[in-house]
Amino acid sequence: MIQYGRHHIDEDDINAVVEQIRSGWLTQGPKVAEFENVIAEYVGARYAVAVSNGTAALHLACLAANIGEGDRVITSPNTFVASANAAHFVGATAHFADIDARTLNMDPLALADECRTLGKAGAIIPVHFAGLPCDMQAIKNVADTYGSIVIEDAAHALGAEYREGGRVGNCRNSDMTIFSFHPVKMITTGEGGMITTNNEVLYRKLLRLRSHGINKLDDPLQHDDEAYTDGEVNAWYYEMQELGFNYRITDIQAALGLSQFGKLGKFLDRRRALSKRYDAAFKAFKHVVPQQSEWRHLSSMHLYVVRIPFQQLGLKRHQFMGSLQHRGYVTQVHYIPAHYHPFYRQKGYLPGRYPVSEQYFNEGLSIPLFYGLNDEEQDKVIADIKELLN
């Protein structure tokens with residue numbers, strides 16, 4: 001089966017993991033810090049904190065920003081549920097701002113409308129869908145108007161570039177950015193995530209929160225009588241200063257991530273080249289409309305998404321996808337709008353509330369795109385879609 005997306009692991013990656021295991025450092029060692037430093041330097045942020053997965057990164061970012069009970073968090077309906085769930089993890093409530101039909105990302109005008117309706121949003125979580133960055137300058141302007149924290153969900157977007165320049169994750173227009181290293185993402189650590197920020201206070205808090213709330217770096221100790229002997233810190237001493245979690249990533253995962261990072265450039269180049277081949281082929285298709293095509297040079301191209309008017313053509317998407325699977329392709333729909341899920345419907349979010357997201361959902365289809373997809377396989381995907389539509 002040719003998947004809609006998959007990882008690429010080579011012998012260098014395997015050797016990096018084996019070497020790390022043999023080193024004796026399995027977790028909480030120097031490889032994690034090395035991985036963090038490499039990512040921070042690459043994106044142009046002062047700090048990076050590696051964690052166990054992208055969802056953990058969202059959770060900790062909300063905690064570090066002091067989002068909690070009574071706060072409102074606005075994100076996109078067109079996202080995986082983790083973007084919205086992070087609000088509820090910390091006792092806040094998730095709200096949504098509809099997407100722009102061209103970018104499939106949060107529409108700054110819809111965001112401003114939602115903020116006016118709510119009166120105040122504790123945090124805004126824009127999602128760089130499929131690897132295309134949101135209009136962060138416009139979103140930051142809205143956030144500043146309403147005093148909102150901005151946390152970029154860049155789970156899809158490692159390697160992408162903003163329209164105004166700079167790589168996603170530099171946090172010039174946000175407080176924090178999160179990344180995911182799940183196997184279908186740009187690079188993988190198996191499972192893993194990262195938070196970048198330029199704020200030292202947030203950085204220190206993130207370090208504590210990912211490891212049980214225990215003080216890190218040179219954070220002041222609170223119980224001097226127990227912490228010191230003759231003016232020196234007791235070597236065995238530590239303090240849990242707030243409630244945290246075990247969201248640490250391992251050195252084994254960091255070793256894999258570093259090896260993968262060394263190939264990020266060629267991963268990006270191949271994904272963009274494949275995307276442009278799809279774009280060129282689909283120009284001749286009346287009923288296949290590539291999405292986000294004018295921004296290929298900015299996007300990390302995590303997904304290649306098309307819109308097909310299934311209802312207009314008298315087709316059922318489920319059957320169309322089944323026919324493609326019978327021919328050897330696994331396609332997917334990204335995403336079921338977050339407010340469609342039972343958890344959010346029970347909170348009053350019913351279909352019809354975010355029409356742009358819902359219309360896209362009815363027509364969207366993610367087709368195979370990954371580094372290892374060769375030209376012949378891609379040509380067959382194109383030919384089979386054409387045959388099935390005809």
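**Briefing: a cavity, a helix and a histidine**

A search of the whole structure finds one cavity of 30 Å³ or more. A cavity here is a set of points on a 1 Å grid over the protein atoms alone where a 1.4 Å probe fits but cannot get out. The model is predicted: local features need pLDDT of at least 70, side-chain atom pairs count only at pLDDT 80 or more, and totals for chains, interfaces and linings use all residues. Residues are numbered from 1 along each chain as its sequence is written, and side-chain values use heavy atoms, without hydrogens and water.

**Cavity**
- The largest cavity holds about 60 Å³ of space, the volume filled by probe spheres set on the points.
- Its lining (residues with an atom within 4 Å of a point) includes His7, Lys185, Phe267 and Tyr371.
- Five lining residues are nonpolar, four polar and three charged.

**Helix α7**
- Helix α7 spans residues 200–209; helices are DSSP runs of H or I, at least four residues, and strands are runs of E, at least two.
- Eight of the 10 residues of α7 are buried, meaning under 20% relative accessible area with a 1.4 Å probe, protein chains only.
- Those buried residues pack against β1, α3, β6 and β7.
- Asparagine 199 caps the N-terminal end of α7, with a side-chain oxygen 2.8 Å from the backbone nitrogen of valine 201.

**Histidine 95**
- Histidine 95 sits in strand β3 (residues 93–96).
- Its relative accessible area is 12%, so histidine 95 is buried.
- Beyond neighbours within four places in sequence, its contacts (heavy atoms within 4.5 Å) include Arg72, Glu114 and Tyr349.

How values were computed. Buried < 20%, exposed > 50% of the residue type's maximum accessible area, 1.4 Å probe, protein only. Polar contact = N/O pair within 3.5 Å; in protein donor to acceptor, adjacent residues only side chain to side chain. 1 Å grid on protein atoms, 1.4 Å probe; cavity = no way out; pocket = protein on both sides within 12 Å on 5 of 7 lines; lining within 4 Å. Nonpolar A, V, L, I, M, F, W, Y, C, P; charged D, E, K, R; others polar.
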